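Dear colleague,

I am passing on the model we spoke about, together with some notes on what turned up in it. Please read the notes with the coordinates open beside them.

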Amino acid sequence: MPGFSDQFPRMSLPDLLPIRPFTKPVKGDVTLPGSKSLTNRSLLLAALCDGPVTLTGALFSEDTQLMATALTQLGIPVRTDEASKTIHVTGCGGKIPAQRAEIFVGLAGTAARFLTAFCAAAQSGIYTIDGVPQMRKRPMKGLFDALVSQGAEIKYLGQPGFFPVKIHAHGLRGGPVEIDATESSQMLSAMLMVAPLAAKPLEIKPVGGVREPFVEMTARLMTSFSGLTADRQAGGTYSAPVLSQGARYRNPGTYAIEPDATASSYFAALPLVTGGQIQLSGLRGVGAGLQGDTQFLTIAEKVGATVRLDPTGNHTLTSWSSPAARSGVTASFNTFSDTFLTLAAISPLLSGPTKITGIAHTRKQETDRVAGMACELIKLGQHVIETEDSLEIHPRPLKRDVEIETYHDHRFAMSFGILGCHDLDGNGIPWLSIKDPACCAKTFPHFFDVLGQLWTQSHSD
């Protein structure tokens, strides 16, 4: 596909990457990649529009490549320009031109859930969807059950409730439907985005609770693309107008993707590790944009960072000057859990214990993130108390010459990459190495390049 590399920069990184500590306080600007969550949602919504849509500031990574490639296989034209960070999608008004397709979603949860709902909502067609072995362990049953109750025929080609599956599409009949999205809000978001394709209005009732920020992101994004409002009724039920009754996904022409708030957490934490200050270009403050993960900035402040917005309201600056100011915190990360690894990784540098709660659901993401984080912190010499839903980290002297296992999970690589910037011995010699650093290609292919550029800027004087 033009504009997407067959291989992201995995070839340029070694299997084991020593992290070079900062011997001077960090300084410089970071241009963040586009949001993965917004890019993949926007790709699907653009496909539902009638005619061409241009996405600007889009993320170019493995997850978005998988989504764009799948749409192309479904007969929806996608043209990309990585240099300008734009993606052009020729929407087909909610129709899927290809009557058959075999779709590979890798380990991309957003692509997996969104494409499953899209294929099931088609009026006809047979679609096979599969991913890597770890994707076959990720929660899907809540979405499958909801789609089957709406008339989709789903055949399990492996373990029931998981990928791979073969979908025989018959459209969605509409009316009341329950969905268990406790293990991933992406399942509810998937149902919301395809709800206008149903024969009559869907009334989607989440059962068992759901993490709201990403669902709210989806609802607000739908309004930007369509004017259709996914209204939340009393009791938590969601509904949206349907295309067959005169509603339609309105073509916005161009839609600008926000910078990735989750990725910003790593660089927001960097001054807490190295001292100094950093500007995150284009990142909006807490509550100002669509992404709930900006809440990490509030955590950074509690730990000891100074966070402020420039006059445009679009840039965030973090700084730190005193080691005594770095204090452990107790916080629930339930609604912005992708960023809990950032705090956990730097917790050995904080004074006093850090307790992170609300993270049980992350055990079923790219890997068991709670167990994996506990294992790596213990390897670093930390005292860790692990429960099903929490980690409590008591700082101990850091061990040297540690190789961090990333479990093929990009967030382990980036979080511990920030910890490795700490000058443990005061001589700039690496003491921590990251295994499989190229796993960052999932959402931030150039992460270690950006980190290296910051090192160079900070040591230029």
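This is a predicted model: local features need pLDDT of at least 70, side-chain atom pairs count only at pLDDT 80 or more; totals for chains, interfaces and linings use all residues.

The domain assignment divides the protein chain into domain 1, made up of 16-34 + 259-459, and domain 2, which covers 36-256. The centres of domain 1 and domain 2, taken over C-alpha atoms, are separated by 31 Å. In the interface, 22 residues of domain 1 are in contact with 23 residues of domain 2, and the area buried between the two domains is about 1900 Å², with carbon and sulfur atoms giving 54% of that area. On the side of domain 1, Leu 290, Lys 364 and Lys 442 supply 35% of the area buried against domain 2, which is more than any other three residues supply.

As for polar interactions, ten residue pairs are in polar contact between domain 1 and domain 2, counting pairs in which both residues have pLDDT 80 or more. The side of domain 1 that touches domain 2 consists of five nonpolar, twelve polar and five charged residues. Two salt bridges are found across the interface of domain 1 and domain 2.

**Salt bridges around Lys 442**

Lys 442 forms a salt bridge with Asp 63, in which the closest N and O atoms are 2.9 Å apart. The side chain of Lys 442 also meets that of Glu 366 in a salt bridge, at 3.5 Å from N to O. This second pair links distant parts of the chain, as Glu 366 lies in the loop between β19 (354-357) and α10 (369-379), while Lys 442 lies in the loop between β23 (432-435) and α12 (447-458), 76 residues apart. Both Glu 366 and Lys 442 are buried. Beyond these pairs, a network of salt bridges links Asp 63, Asp 338, Glu 366, Arg 369, Asp 409 and Lys 442.

**A pair within helix α10**

Lys 379 and Glu 376 form a salt bridge whose closest N and O atoms are 2.8 Å apart. Why are Lys 379 and Glu 376 separated by about one helical turn? They are three residues apart in helix α10, and so about one helical turn lies between them. Lys 379 counts as partly exposed because its relative accessibility is 30%, whereas Glu 376 is buried, with a relative accessible area of 1%.

Leu 43 is placed in helix α1, which comprises residues 36-48, and is buried at a relative accessible area of 0%. Leaving aside neighbours within four places in sequence, Leu 43 is in contact with Leu 55, Thr 64, Met 67, Ala 68, Leu 71, Ile 87 and Val 89. Between the C-alpha atoms of Leu 43 and Phe 114, which are 71 residues apart along the chain, the separation is 9.9 Å.

Ser 185 lies in helix α5, residues 185-194, and is likewise buried, here with a relative accessible area of 7%. When residues up to four places away in sequence are not counted, Ser 185 touches Val 210, Arg 211, Phe 214 and Val 215. Ser 185 and Gly 209, 24 residues apart in sequence, are 9.3 Å apart in space from C-alpha to C-alpha.

Thr 237 has its place in the loop between β12 (231-232) and β13 (238-239), and is buried, with a relative accessible area of 17%. Not counting residues up to four places away in sequence, Thr 237 touches Glu 203, Ile 204, Lys 205, Asp 231 and Arg 232.

Terms used:
Residues are numbered from 1 along each chain as its sequence is written. Side-chain values use heavy atoms; hydrogens and water are left out. Domain bounds come from an automatic or database domain assignment. Contact means heavy atoms within 4.5 Å. Buried area is the accessible area (1.4 Å probe) that two parts lose on being put together, summed over both. A salt bridge is a side-chain nitrogen of Lys or Arg within 4 Å of a carboxyl oxygen of Asp or Glu. A polar contact is a pair of N or O atoms within 3.5 Å; within protein, one must be able to donate a hydrogen and the other to accept it, and residues adjacent in sequence count only if both atoms are side-chain atoms. Ala, Val, Leu, Ile, Met, Phe, Trp, Tyr, Cys and Pro count as nonpolar, Asp, Glu, Lys and Arg as charged, and the others, Gly among them, as polar. Helices (H or I, at least four residues) and strands (E, at least two) are DSSP runs, numbered from the N terminus. Buried means under 20% relative accessible area, exposed over 50%, partly exposed in between (1.4 Å probe, protein chains only).
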